[in-house]
Amino acid sequence: MAAETETETNQAENKVAAEKESSTEKEGGDVSVVLAETKNVKHPLQNEWVLWYLKPDRAKNWNECLLKVSQFKFVEDFWALYNHIELASNLSNGCDYNIFKTGIEPMWEDDRNKKGGRWLFVLQKSKGQSKALDELWLEVLLCIIGEAFGEDSDQICGAVINVRPKMDKISVWTSDCNDQKAVLNIGRVLKSRTNVTFPINYESHAATQVKQGSVAKPLYQI
Ligand code: MGP
């Protein structure tokens, strides 16, 4: 019993000594302490973004399958979310991720999408293509949340990845399909940042909605 009490007293003394040492370092302006405190400062993004997940369900309407997962407005929170969720290549066929600016729903009907369209990357399914898909998706996400399109970044609504049995699709949605200058600038930045060598098409949401077959008539191609 006495031995136990002695051990407890020693532990308490050690704790106080450690705290005192730590506070003395702070007063002395220890660089490592300052750095540790700076590390806690989060870096804000220009916009706040929402991640939506879609899991198909034949018993429900399309929009009922859309689930708001999380939102983020700091770089660190984006990475925390990205590292927490499944890689796109691991999603089941029929599933989508949508990342849209807060206040814009990932659907044609939203006011900011109504007159818009999308730059579309189509990736045929092939063995060993998962890594390329994940890398392309990540680069597209970094472009949109990092506002890579100069003043045309305002026209970005969000990005979508559709995982499908024969081909996967990654698209960047913009708000005005008739603003040719902005749409082409956004397309050129996307193409150069992603390093894709195949052509990418821009289609209006209006055309997507009435398309026959798997692709709509493109407005632009680069
Ligand atoms: P999809 O998921 O964008 O492409 O649209 P998918 O599955 O590759 O099919 P494909 O037709 O492009 O080959 C699939 C279906 O989901 C559409 O035909 C619509 O019924 C519905 N849908 C998709 N989106 C993006 C919307 C939307 O914004 N609004 C509404 N109302 N329905 C949508």
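Predicted model: local features only at pLDDT ≥ 70, side-chain atom pairs only at ≥ 80, totals over all residues.
Me: OK, zooming out. How many helices and strands does the protein have?
Reply: There are six helices and eight strands. Along the sequence they follow the pattern α-α-β-β-α-β-β-α-β-β-α-β-α-β.

Me: In what order do the strands sit in the sheet?
Reply: The eight strands form an open sheet, ordered β2-β1-β3-β5-β6-β4-β7-β8, with antiparallel pairing. At the edges stand β2 (66-74) and β8 (220-221); each has a single partner strand, so one side of each is left without a neighbour in the sheet.

Me: How many bridges join β1 to β2?
Reply: Seven bridges join that antiparallel pair. As an example of facing residues, L51 stands opposite S70 in β2.

Me: And β3, what are its pairings like?
Reply: On one side, β3 pairs with strand β1 (residues 44-54) in the antiparallel sense over six bridges, and N98 in β3 is the bridge partner of W52. β3 is also joined to β5 by five bridges, again antiparallel, with I99 opposite A159 in β5.

Me: Why is β3 described as largely enclosed?
Reply: Because six of the six residues of strand β3 (residues 96-101) are buried, the strand is largely enclosed by the rest of the structure.

Me: Which strands does α4 lie across?
Reply: α4 lies across β1, β3, β4, β5 and β6, and runs at about 5° to β6. Helix α3 (residues 75-84) lies across β1 and β2, running at about 145° to β2.

Me: Switching to V160. Is it buried or exposed?
Reply: V160 is buried, because 22 other C-beta atoms lie within 10 Å and the cut-off for buried is 20 or more. You'll find V160 in strand β5 (residues 156-162).

Me: What is V160 in contact with, beyond its neighbours within four places in sequence?
Reply: V160 is in contact with D96, N98, P106, S171 and W173. Take S171: it is eleven residues from V160 in sequence and 5.2 Å away in space, C-alpha to C-alpha.

Me: Nice. Now the ligand: which residues are around it?
Reply: Around the ligand are W62, N63, M107, W108, E109, N162, R164 and S214. That shell divides into three nonpolar, three polar and two charged residues.

Me: Last one: what percentage of the protein's residues count as buried?
Reply: Of its 222 residues, 26% count as buried. As for contacts with a separation of 6 or more, 66% are between residues 24 or more positions apart.

Technical notes:
Residues numbered from 1 in each chain as written. Helix = DSSP H or I, 4+ residues; strand = E, 2+ residues; numbered from the N terminus. Buried ≥ 20, exposed ≤ 12 C-beta atoms within 10 Å, placed from the backbone. Contact = placed C-beta atoms within 7 Å. Pairing = 2+ DSSP bridges. Near = placed C-beta within 6 Å. Nonpolar A, V, L, I, M, F, W, Y, C, P; charged D, E, K, R; others polar. Axes fitted to C-alpha atoms, helices over the stretch in contact; angles between N-to-C directions.
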